[in-house]
Amino acid sequence: MKGIQFHASPVLAIKMPAWRSRFVMFLIFLGFLALLVRALYLQVFSTDFLQTQGEMRYARTLEMPATRGKIMDRNGVVLASSVPALAIWAVPEDVDASKQQLGSLARLLDVPVAELRKKLASADRKFVYLKRQVSPEIADEVERMGLAGIHQQKEFHRFYSQGETMAQLIGFTNVEDIGQEGIELAWEKELAGQPGSRRVIKDRLGRVVEDVASIRTPHDGRDLTLSIDGQIQYLAFSNLKAAVEAHKAKAGAIVVIDVRTGEVLALANLPSYNPNERSDLSGAQLRNRVLTDTYEPGSTLKPFTIALALEKGIVTPQTTIDTAPGKFTIGTATIRDAEAHGVLSVTDIIRVSSNIGTAKIALRLQPQDMWGMFTSVGLGQAPHIGFPGAVAGRLRPYRTWRPIEQATMAYGYGLSVSLMQMARAYTIFARNGDIIPLTLFKTSTPATGVQVVPPGIALEIRHMLELAAGPTGTAPKAQVVGYSVAGKTGTAHKIVAGAYAPNKYVGSFVGFAPASNPRIVVAVMIDEPTEGGYYGGDVAAPVFSAVVSGALRTLGVEPDSPIKSLIIPQDALSESM
Amino acid sequence: MTRLNALLLAVLMACALSLVSSRYQARRLLGALDTAQGTARKLDVDWSQLQLDQASLSKHSLIDAAARKDLGMQPATPARTEYIILSGKTSEPQPAPEAPSELQ
């Protein structure tokens, strides 16, 4: 080989056919053509597909959850708040855990092993929740176990700091953090917030290196500040609870209103429930009786009839009416007073709560005027308060009233109201004859009212109500040390299956304090008290007294009457029903 | 001509390197921003949790029970309260006839 020079190579001497070199050239050309076609195909025809595929490998869309707004009381104490939690879920066919591992998982999740096994045995399902609303600490421990086929998903858990004290007002959310009851349901849109998402490019290590675009910016839910004062609310709830338990009543409700702003300072119901622990709830516990239940108000309605008669000039506070002999027949029906009182002045009719006196005055009024009075204080219309299921109550059109009905409506039978409506209606006596809109949210602006009766008449009625809540009235137990109070009891037979039940009552009390310059209206209702009396003055007035005494102190209201021990007569006046 | 070319080449190289460096900076800062935002979120959650804990632990029913049972306290009555009126003088509460004995 060494001896042969290249130019002397014998191969060169061989004369090759010319087609062979052309053939090779053709093959090379074909090769280039193939490359060109391929390039054309990749660059032009499938570029979209390839670019999406490429992007899929490094671009990610990140979900950005929005936190549900908090609910706070007027002092900024958190009443309801969402904190992140995790749902533990599994793909049953992927789970391959030993008996021991399953046991410790069950312990961690606080679920019986048998239940866990049952969930994982359903092999036809691709997805099964093992447990929802697990706290992040427990979820971390589950993660550390490193089981195949067990996954986690972010969600929120809502906590209610005050428990049963204001359960019906705030309501609750379901496991998806969507409002189901109360404020949570009514203000779902504001509270919920909107989850967002952003598109990012991630590097090999999973770090975000570039923001491509923000598809939707997340908006957290709005925080709501309620008008409720936690301290007054607790006072109201605990005193109501004590009364409902002492009188073995079926239910109870209370509402406290700020006279100047129309804010609801407290709203409590019994029976109640703990919104953090809702495994066995009954409908009775869920009901917000203050707003969604109606009752026949009984005597608490009398002041409105009297106010109308005073305004029309039919009577003056000194006009006397003969209520003897404690019975009065209208058509075929007879109405009664609990005790025969004889001749009473209009002031005394309210003080002793005489049905006959009120009925006799009412019969001198036009049905249309009475209807107008009741309507203008908000009866028969649902209050605009932004709460689901707030009821309107029943107030029949005046054209259908018969005289006996007009007489009974004057003292609160034959029409139905909610406790909130009654409390609101009483703002006309607590203020200067004007009625104000109520609100569940904190506000600092004084409410502007609509005049219903002249200020002078409101003042006259206020004086009568002060007597009714005094030692000689039907509600001496409503008195408060250091403060003058005014208010009216109501005791009404309940309607059961279309007829008045002889032994089922609703005892109520609506009043305000201090009487000299009212600051709060408190309405209390005790449903079916069975022990220790049933008159509003016995069951509801003591709750009013306790709540007013605490609430006025909380609000820093100066005492307006001498601080002396109260005179509570041994046997107070019985109230007419 | 060649000197101009060399100059342009040098400028080009400088630009290219600064581009690389600023891209790197941008990514690093974005990473830092992301971490900071994550921390902010976590602190937010912690804050909510603490607020909630505070509200749960200062629940009025707990305070009430502790004050009544553990500390043996009683609600203040107007009889035992001194009221200060803004005009400058204090209102003397009248002596309460039934003030609890342990206070006398």
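Chain A is divided into domain 1, residues 63–225, and domain 2, which takes in residues 230–273 and 287–555. The model is predicted, and what follows should be read with that in mind. The centres of domain 1 and domain 2 of chain A, taken over C-alpha atoms, are separated by 46 Å. Where the two domains touch, 15 residues of domain 1 of chain A and 16 residues of domain 2 of chain A take part in the contact. On the side of domain 1 of chain A that touches domain 2 of chain A, the elements that give two or more residues are helix H7 (167–170), helix H8 (182–186) and strand E8 (224–225) of chain A. Sorted by class, that side of domain 1 has seven nonpolar, five polar and three charged residues.

### The sheet and its helices

Chain A also holds an open sheet of five strands, arranged in the order E10-E9-E19-E18-E17 with antiparallel pairing. At its edges are strand E10 (264–270) and strand E17 (486–496) of chain A, each of which pairs on one side only. From one strand to the next, the twist averages 10 degrees. In general, the strands of a sheet pair through backbone hydrogen bonds, in either a parallel or an antiparallel way.

Helix H10 (residues 230–246) of chain A packs on this sheet and touches strand E9 (251–258), E10 and strand E19 (520–527) of chain A, and the direction of H10 makes about 30 degrees with that of E10(A). Helix H20 (residues 455–468) of chain A, for its part, lies across E17 and E18 of chain A and runs at about 75 degrees to E17(A).

How many bridges join E17(A) and strand E18 of chain A? These strands pair in the antiparallel sense over 10 bridges, with E18 covering residues 499–513. They form a hairpin with two residues between them, and in the turn A:Ala497 has a positive phi of about 50 degrees. Two of the facing residues are listed here.

| Residue | Opposite residue in E18(A) |
|---|---|
| A:Ala492 | A:Val506 |

Helix H2 of chain A, residues 18–45, has 28 residues and reaches 39 Å from its first C-alpha to its last, which is close to the 40 Å expected at 1.5 Å a residue.

Chain B has two helices and two strands, and along the sequence they follow the pattern α-α-β-β. Of the 104 residues in chain B, buried residues make up 3%.

The contact between the chains takes 25 residues from chain B and 26 residues from chain A. On the side of chain B that touches chain A, the elements that give two or more residues are helix H1 (2–57) and helix H2 (60–70) of chain B. Which element gives the largest share of that side? The largest share, 11 residues, comes from H1(B). The residues on this side of chain B divide into 11 nonpolar, nine polar and five charged.

Note on methods. Residues are numbered from 1 along each chain as its sequence is written. Chains are lettered from A and ligands numbered from 1 in the order in which they are written. This is a predicted model: local features need pLDDT of at least 70, side-chain atom pairs count only at pLDDT 80 or more; totals for chains, interfaces and linings use all residues. Two residues are in contact if their C-beta atoms, placed from the backbone, lie within 7 Å. Helices (H or I, at least four residues) and strands (E, at least two) are DSSP runs, numbered from the N terminus. Ala, Val, Leu, Ile, Met, Phe, Trp, Tyr, Cys and Pro count as nonpolar, Asp, Glu, Lys and Arg as charged, and the others, Gly among them, as polar. Domain bounds come from an automatic or database domain assignment. Two strands pair if DSSP finds at least two bridges between them. Axes are lines fitted to C-alpha atoms, for helices over the stretch in contact, and angles run from 0 to 180 degrees between N-to-C directions. A residue is buried if 20 or more other C-beta atoms lie within 10 Å of its own, exposed if 12 or fewer, and partly exposed in between; C-beta atoms are placed from the backbone. The expected span of a helix is 1.5 Å times one less than its number of residues.
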